[in-house]
Amino acid sequence: MILFLNSGMNISALIAAHIHDVHEGENWTEVNLISTLAGVGYQEASTVTPASVNTIAGLVKHLTFWNEVMAQRIEGHRVEIPDSNGFDNSTLPDAASWEALVEACMASGRRLAAAVASVEVSRLEEPILPGASSTYKNLQGSAEHVHYHLGQIVILKQLIRATM
């Protein structure tokens with residue numbers, strides 16, 4: 001961490017770019033959320049596979065929830081996390097609901113990236129909220145969280161399409 005603080009690099013801006021890129025493209029893995037979700041219909045998004053209790057829609061809802069939680073934490077708000085942890089595998093009623101969910105997820109990713117970019121470097125070693133882990137760990141963890149669930153979405157999409 002000290003390396004970044006002393007180098008003059010704006011680590012907050014770098015993490016924000018990483019969060020944006022994993023949502024909307026050009027990240028180092030060459031896989032991103034918007035391209036992965038392109039062409040996924042609401043029935044596919046609601047399909048439960050033997051591989052996971054989570055659906056693609058449930059994972060997208062979870063990502064949207066956590067992007068918003070993290071943006072609020074950056075703003076200094078302590079958000080209560082329900083037992084569901086932002087997961088909801090309920091079936092979507094129609095294609096419009098699925099499209100709205102995908103757009104909400106992309107909007108939450110943009111909001112989170114903007115919030116992360118606004119964090120002063122001097123704040124990175126401080127707890128994000130009193131009693132919590134460092135702001136840096138929370139910001140970096142947010143990017144890692146999206147990558148983790150993106151991998152699950154990629155696998156679920158492949159499984160669903162292999163059985164159709």
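Asn85 is partly exposed, with a relative accessible area of 28%; buried denotes under 20% relative accessible area, exposed over 50%, and partly exposed the range in between (1.4 Å probe, protein chains only). The model is predicted, so that local features require pLDDT of at least 70 and side-chain atom pairs count only at pLDDT 80 or more, whereas totals for chains, interfaces and linings use all residues. Residues are numbered from 1 along each chain as its sequence is written, and side-chain values use heavy atoms, with hydrogens and water left out.

Asn85 is placed in the loop between H5 and H6; helices (H or I, at least four residues) and strands (E, at least two) are DSSP runs numbered from the N terminus. The phi angle of Asn85 is near 55 degrees, a positive value in a residue other than glycine. Glu30, likewise not a glycine, has a positive phi of about 65 degrees. Glu30 belongs to the loop between H2 and helix H3 (33-37) and is exposed, its relative accessible area being 75%.

Two packed helices are described by the angle between their axes and the distance between the axes. Axes are lines fitted to C-alpha atoms, for helices over the stretch in contact, and angles run from 0 to 180 degrees between N-to-C directions. Helix H5 (residues 56-74) packs against helix H6 (residues 95-117) at an angle of about 30 degrees, and their axes are 8 Å apart. H5 and H6 are therefore roughly parallel to each other, given that angles under 35 degrees count as roughly parallel, over 145 as roughly antiparallel, 65 to 115 as roughly perpendicular and the rest as oblique. The crossing of H5 past H6 is left-handed, meaning that the near helix is turned anticlockwise from the far one by less than a right angle.

The contact (heavy atoms within 4.5 Å) involves, on the H5 side, residues including Ile56, Val60, Leu63, Asn67, Met70 and Ile74. By residue class, the contact of H5 with H6 comprises 14 nonpolar, 5 polar and 3 charged residues; Ala, Val, Leu, Ile, Met, Phe, Trp, Tyr, Cys and Pro count as nonpolar, Asp, Glu, Lys and Arg as charged, and the others, Gly among them, as polar.

H6 also packs with H2, at an angle of about 170 degrees and with the axes 7 Å apart. H2 and H6 are therefore roughly antiparallel to each other. In this pair, Ser12, Ile15, Ala16, Ile19, His20, His23 and Glu24 of H2 meet Cys105, Met106, Gly109, Arg110, Leu112, Ala113, Val116 and Ala117 of H6. The residues of the H2 contact with H6 divide into 9 nonpolar, 4 polar and 2 charged.

Side chains of opposite charge can pair when their charged atoms come close. The whole structure contains 5 salt bridges, each defined as a side-chain nitrogen of Lys or Arg within 4 Å of a carboxyl oxygen of Asp or Glu. One of them joins Glu24 to Arg110, with the closest N and O atoms 2.9 Å apart. Glu24 lies in helix H2 (residues 11-24) and Arg110 in helix H6, so this pair ties together parts that are 86 residues apart in sequence. Glu24 is partly exposed at 31% relative accessibility, and Arg110 is partly exposed at 36%. Arg110 also forms a salt bridge with Glu103, for which the closest N and O atoms are 2.7 Å apart. Glu103 counts as partly exposed, with 44% relative accessibility. Through shared partners, salt bridges join Glu24, Glu103 and Arg110 into one network.

A further salt bridge links the side chains of Arg111 and Glu75 (3.1 Å, N to O). Arg111 lies in helix H6 and Glu75 in the loop between H5 and H6, so the pair ties together parts that are 36 residues apart in sequence. Arg111 is partly exposed at 30% relative accessibility, as is Glu75 at 44%.

Buried positions were also examined. Ala143 is located in helix H7 (residues 135-162) and counts as buried, with 0% relative accessibility. Apart from neighbours within four places in sequence, Ala143 is in contact with His18 and Ile19. The C-alpha atoms of Ala143 and Arg111 are separated by 13 Å, the two residues being 32 residues apart along the chain. Thr49 occupies the loop between helix H4 (42-45) and H5 and is buried at 10% relative accessibility. Residues up to four places away in sequence being excluded, Thr49 touches Leu156, Leu159 and Ile160.
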